[in-house]
Amino acid sequence: MKRLAIITTHPIQYNSPWFQLLNERGKIQLRVFYTWGKAVLQNKFDPGFGKAIEWDIPLLDGYEYCFVKNISADPGSHHFSGIDNPGLMNEIERWNPDSILVIGWCFKSHLKLLRYFKGKKRLLFRGDSNLLDEPAGFSLKKMVRRMFLRWVYHHIDMALYVGTANKEYYLAHGLKDDQLVFAPHAIDNDRFREVPVSNERAAQGIPPAAVVFIFTGKFEIKKAPVLLLDAFIQLADSSTHLLMVGDGMLEDEIKEKVSLQPVTVSSRIHFLPFQNQLRMPAIYSLGDVLVLPSQGPGETWGLSVNEAMACSKAVLVSDKCGCAADLVEEGINGYVFSSGNRDELVKKMELILSNRAGLPEMGKRSLEIIDHWRFEKICEAVEQTC
């Protein structure tokens with residue numbers, strides 16, 4: 001079998017399942033090289049959630065992997081020098097892969113690897129960057145960045161693009177159509193669509209007939225949860241509820257703002273702390289419409305949208321979310337609004353409420369759309385490029 005080395009920083013709950021599936025399919029032999037080093041197993045603190053996170057799905061089962069020694073004084077994926085592995089090239093050469101898939105280039109060792117193996121091995125690349133945060137018009141900074149990224153991507157043979165916005169990004173930086181293969185951002189659709197029947201709405205004090213807007217994720221500036229809260233407060237509909245699920249740096253600000261509202265409003269706003277992966281299908285069952293109001297920079301996709309759609313939910317996302325172009329059919333399974341525009345968000349929420357009887361049909365269409373965005377598609381793309 002062809003051998004594939006996958007280079008990535010650390011085990012991620014959205015990647016490990018397709019590593020497992022790729023190995024299970026048995027068409028290529030793979031080994032994953034984790035460049036953060038073994039220290040990542042001890043350092044569980046997630047600054048976005050503001051707490052240590054221990055995922056409840058297996059991230060290291062079902063495939064071959066190794067942790068590469070990282071000598072960085074400040075190890076981690078939060079800066080370029082946080083991934084520094086002097087022995088990486090030797091370890092890869094000893095395993096002798098036919099192809100190398102690099103996930104993310106903006107780390108010292110990953111960029112060095114691209115330069116070292118160019119012309120020696122078939123180099124594949126996967127990332128999810130896009131141009132949605134790039135300012136319009138000409139600027140020297142923009143031009144220099146484009147030139148640098150063209151230099152980076154000229155090292156690779158093939159790029160696995162996750163969606164439309166990501167494909168446009170690669171094309172803008174010099175890659176050709178025949179170098180691009182679709183490998184969609186995906187989640188475990190089957191696990192999320194098997195939503196258990198529960199009485200959790202009643203436990204949260206949410207009436208059965210209420211329309212519930214739900215936010216899941218980090219309470220951070222990029223995700224713009226305050227914008228959603230302000231929009232909900234502005235809604236003149238006492239039959240709606242808002243459920244905010246997560247933790248993060250904005251939590252105190254959000255809860256203080258809720259405490260200042262009249263009880264007719266505050267009683268319809270509910271909070272749940274961070275919920276682990278196995279709990280999320282039940283959490284989405286509490287809502288009717290997922291709202292992802294991200295303003296960037298850096299909301300390259302928004303996998304909570306995939307999760308909600310697999311649970312047959314309508315979606316309302318900002319145009320800064322990388323998934324918007326692919327997953328939202330305007331007025332069919334949801335809506336897209338302009339990032340940072342509270343009034344437009346309110347109008348889209350009101351539009352959904354004006355046709356609340358159509359929410360089940362919108363959720364059904366969400367499920368139909370997301371059924372094509374599966375781990376199997378990623379595996380097929382990787383096998384094709386190898």
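In this predicted model, helix 8 meets helix 14 through Leu-227, Leu-228, Asp-230, Ala-231, Phe-232 and Gln-234 on one side and Arg-342, Asp-343, Leu-345, Val-346 and Met-349 on the other; contact here means heavy atoms within 4.5 Å. Sorted by class, this contact has 7 nonpolar, 1 polar and 3 charged residues (Ala, Val, Leu, Ile, Met, Phe, Trp, Tyr, Cys and Pro count as nonpolar, Asp, Glu, Lys and Arg as charged, and the others, Gly among them, as polar). Helices (H or I, at least four residues) and strands (E, at least two) are DSSP runs, numbered from the N terminus.

Residues are numbered from 1 along each chain as its sequence is written, and side-chain values use heavy atoms, with hydrogens and water left out. Because the model is predicted, local features need pLDDT of at least 70 and side-chain atom pairs count only at pLDDT 80 or more, while totals for chains, interfaces and linings use all residues.

**Two helix pairs**

Two packed helices are described by the angle between their axes and the distance between the axes. Axes are lines fitted to C-alpha atoms, for helices over the stretch in contact, and angles run from 0 to 180 degrees between N-to-C directions.

| Helix pair | Angle | Axis distance |
|---|---|---|
| Helix 8 (residues 225-234) and helix 14 (residues 342-354) | about 55 degrees | 9 Å |
| Helix 1 (residues 16-25) and helix 16 (residues 375-385) | about 60 degrees | 9 Å |

Helix 8 and helix 14 are therefore oblique to each other, and helix 1 and helix 16 are likewise oblique. For reference, angles under 35 degrees count as roughly parallel, over 145 as roughly antiparallel, 65 to 115 as roughly perpendicular and the rest as oblique. Helix 8 passes helix 14 in a right-handed crossing, and the crossing of helix 1 and helix 16 is right-handed too (right-handed if the near helix is turned clockwise from the far one by less than a right angle, left-handed if anticlockwise).

On the helix 1 side, Pro-17, Trp-18, Leu-21, Leu-22 and Arg-25 make the contact, and helix 16 brings Phe-375, Glu-376, Ile-378, Cys-379, Glu-380, Val-382 and Glu-383. This contact has 8 nonpolar, no polar and 4 charged residues.

**The sheet and its helices**

Now to an open sheet of 7 strands, which runs in the order 5-2-1-6-7-8-9 with parallel pairing; two strands pair if DSSP finds at least two bridges between them. Strand 5 (64-67) and strand 9 (180-182) are the edge strands, each pairing on one side only. From one strand to the next, the twist averages 25 degrees. Strand 6 (residues 99-103) and strand 7 (residues 122-126) pair in the parallel sense over 5 bridges, and Ile-103 has Arg-126 in strand 7 as its bridge partner.

Helix 2 (residues 88-95) packs on this sheet and touches strand 1 (2-8), strand 2 (28-34), strand 5 and strand 6, its direction making about 165 degrees with that of strand 2. Helix 3 (residues 108-117) also packs on the sheet, touching strand 1, strand 6 and strand 7, and its direction makes about 155 degrees with that of strand 6.

**Backbone details**

Most residues other than glycine have a negative phi, and most peptide bonds are trans. Asn-96 is not a glycine, yet has a positive phi of about 60 degrees; Asn-96 is found in the loop between helix 2 and strand 6. Gly-296 and Pro-297 are joined by a cis peptide bond, with omega about 0 degrees, and Pro-297 lies in the loop between strand 13 (289-292) and helix 12 (303-310).
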